[in-house]
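Please keep the sequence and the structure in view while reading.

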Amino acid sequence: MISEFTWPNHDLPSDKDAVKKLIECHGFQHDVAYGKTKIFIRTPRTLFTLEELHAKMLVRIVLFLQKVCGLCCRQMGQCWNSGHE
C-alpha cells in the first residue's frame, strides 16, 4: 500500500517479489532478511518507518474513497450514510 508498484495490485510475478520491491523502494534492503513466508526486520526504526508510511497512505486512500463516495451520492441523489434503504 505504500508504493506505486504494489498498490492497489502488483504486477510482479509473486508476492515475494512485490515485498522485495516495496522494501527496495524505501531503501531498507540492507535491514531485512527474507524467509520462505516472512521477512525479518533487524532494527525497530525500519518497522516504525514502514508503519508511518502505511498510516499516511491509509489516510490518503480514505480521503479519496470519501470523495468518490460523495460524488456518487450527489450524482445519484442519495447517500449511503443516511440510513435509508
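## Terms and basis

Helices (H or I, at least four residues) and strands (E, at least two) are DSSP runs, numbered from the N terminus. The model is predicted: local features need pLDDT of at least 70 and side-chain atom pairs count only at pLDDT 80 or more, whereas totals for chains, interfaces and linings use all residues. Residues are numbered from 1 along each chain as its sequence is written, and side-chain values use heavy atoms, with hydrogens and water left out.

## Overall organisation

The protein chain has two helices and two strands, which follow the pattern α-β-β-α along the sequence. Of its 85 residues, 18% are buried; buried means under 20% relative accessible area, exposed over 50%, and partly exposed in between (1.4 Å probe, protein chains only).

The accessible surface of the chain is about 7,000 Å², and carbon and sulfur atoms account for 60% of that surface. Such areas come from the Shrake-Rupley method with a 1.4 Å probe; for residues, only the protein chains shown count as cover.

## Helix H2

Helix H2 covers residues 44–76, which is 33 residues. From first C-alpha to last it reaches 48 Å, close to the 48 Å expected at 1.5 Å a residue; the expected span is 1.5 Å times one less than the number of residues.

The buried residues in H2 are Thr 46, Leu 50, Ile 61, Cys 69, Gly 70 and Cys 73. These buried residues pack against H1 and strand S2 (39–41).

Thr 46 belongs to helix H2 and counts as buried because its relative accessibility is 5%. Apart from neighbours within four places in sequence, Thr 46 is in contact (heavy atoms within 4.5 Å) with Phe 28, Asp 31 and Ile 41.

The side chain of Thr 46 also makes a polar contact of 3.1 Å with that of Thr 43. A polar contact is a pair of N or O atoms within 3.5 Å; within protein, one must be able to donate a hydrogen and the other to accept it, and residues adjacent in sequence count only if both atoms are side-chain atoms.

## Salt bridge

Side chains of opposite charge can pair when their charged atoms come close. A search of the whole structure finds one salt bridge, defined as a side-chain nitrogen of Lys or Arg within 4 Å of a carboxyl oxygen of Asp or Glu. This salt bridge joins the side chains of Arg 45 and Glu 52 (3.5 Å, N to O). Glu 52 counts as partly exposed because its relative accessibility is 40%.
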